Amino acid sequence: MKSQSLYQKACWLANDIQVLFIRSLKHIYKNYDQLLGLTIQPIMFMLLFRYVLGGAILVEEGTYINFLMAGILVQGVAFGSLTTSYSIAMDLQRGIIDRLKTLPIASWAVMMGHVAGDLVRNTLQAVIIIIMGLLVGFHPQANLTEWLIITLLVFLFTLAVSWMAAIMGLAAKTLESVSWIGFLVMFPLTFASAAFVPTKTMPAVLRTFAENQPVTHIVEAIRALTMGKSSDHHLWFALVWCVAIIIISIPVAAYLFRRHGGK
């Protein structure tokens, strides 16, 4: 009886997540801001760094577009995942979460629905970025196994950033504050990293930060894999960072959600 009860609860939770996941997906094509962020923003960054800034940036081997692709991909995932923070904050401000709490659904499903929606958004965005990269000269050397590892790494990074974004959305007092909180966290992590320039060109203090933060390890791992090279220690550090962020962020997000009167 106990196992049957646990099975029924698991089924109800899965059904609740599915309903809220579909709701999150509908926001993609009904919200023009999300569509622009999903499509236009990564393309603009790609063209900016490829044709405007790329000529002034020297890399040790290969072309700059091959160097750039991993950075644009990770940046797109990082900023794209911030949609979760805005969506959760908007649900709180509009009282939607309070309404959902009056229904017989699992409170976990609310955040899981937003995070699952993020996975789909970032998958679509990653495909757009890779197609755009191929059009402007990107020549990957990765085999099938390396592409699968890249997919896993992007998946884990999306989960990590999405749960961080959930914390931001739950902690923000207003919708306006969500944007600057996300900017304050993601801007230094993406731009003060190896995403767009080699860290060797940075001042000593900034270089120390850039070479030891999660985004650099994730970018360097993806960059090496796309070129069919050994990722050395970067892949393992990237995996450890992603898993650690997920393990820490989920209980923090759950605690903040309960503070809003969750069940």
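Helix 3 (64-80), helix 9 (204-211) and helix 10 (214-226) each contribute at least two residues to the lining of the second largest pocket. The largest share comes from helix 10, with 3 residues. The model is predicted; local features need pLDDT of at least 70, side-chain atom pairs count only at pLDDT 80 or more, and totals for chains, interfaces and linings use all residues. Residues are numbered from 1 along each chain as its sequence is written, and side-chain values use heavy atoms, without hydrogens and water. Helices are DSSP runs (H or I, at least four residues), numbered from the N terminus, and strands are E runs of at least two.

The second largest pocket holds about 670 Å³ of space. Of its 22 lining residues, Glu-60, Glu-61, Phe-67, Glu-220 and Arg-223 are the closest to its centre. A pocket is an open set of points on a 1 Å grid over the protein atoms alone, with protein on both sides within 12 Å along at least five of seven lines; lining residues have an atom within 4 Å of a point. Its volume is the space filled by probe spheres set on points joined across faces, edges and corners.

Helix 2 (residues 32-53) contains Leu-38. Val-52 is also placed in helix 2. Leu-38 is buried, at 9% relative accessible area, whereas Val-52 is exposed, at 56%. Buried means under 20%, exposed over 50%, and partly exposed in between (1.4 Å probe, protein chains only). Leu-38 and Ala-126 are 88 residues apart in sequence, yet their C-alpha atoms are 9.3 Å apart in space.

Residues 235-257 are 100% helix and 0% strand, with end C-alpha atoms 32 Å apart.

Definitions and conventions. 1 Å grid on protein atoms, 1.4 Å probe; cavity = no way out; pocket = protein on both sides within 12 Å on 5 of 7 lines; lining within 4 Å.
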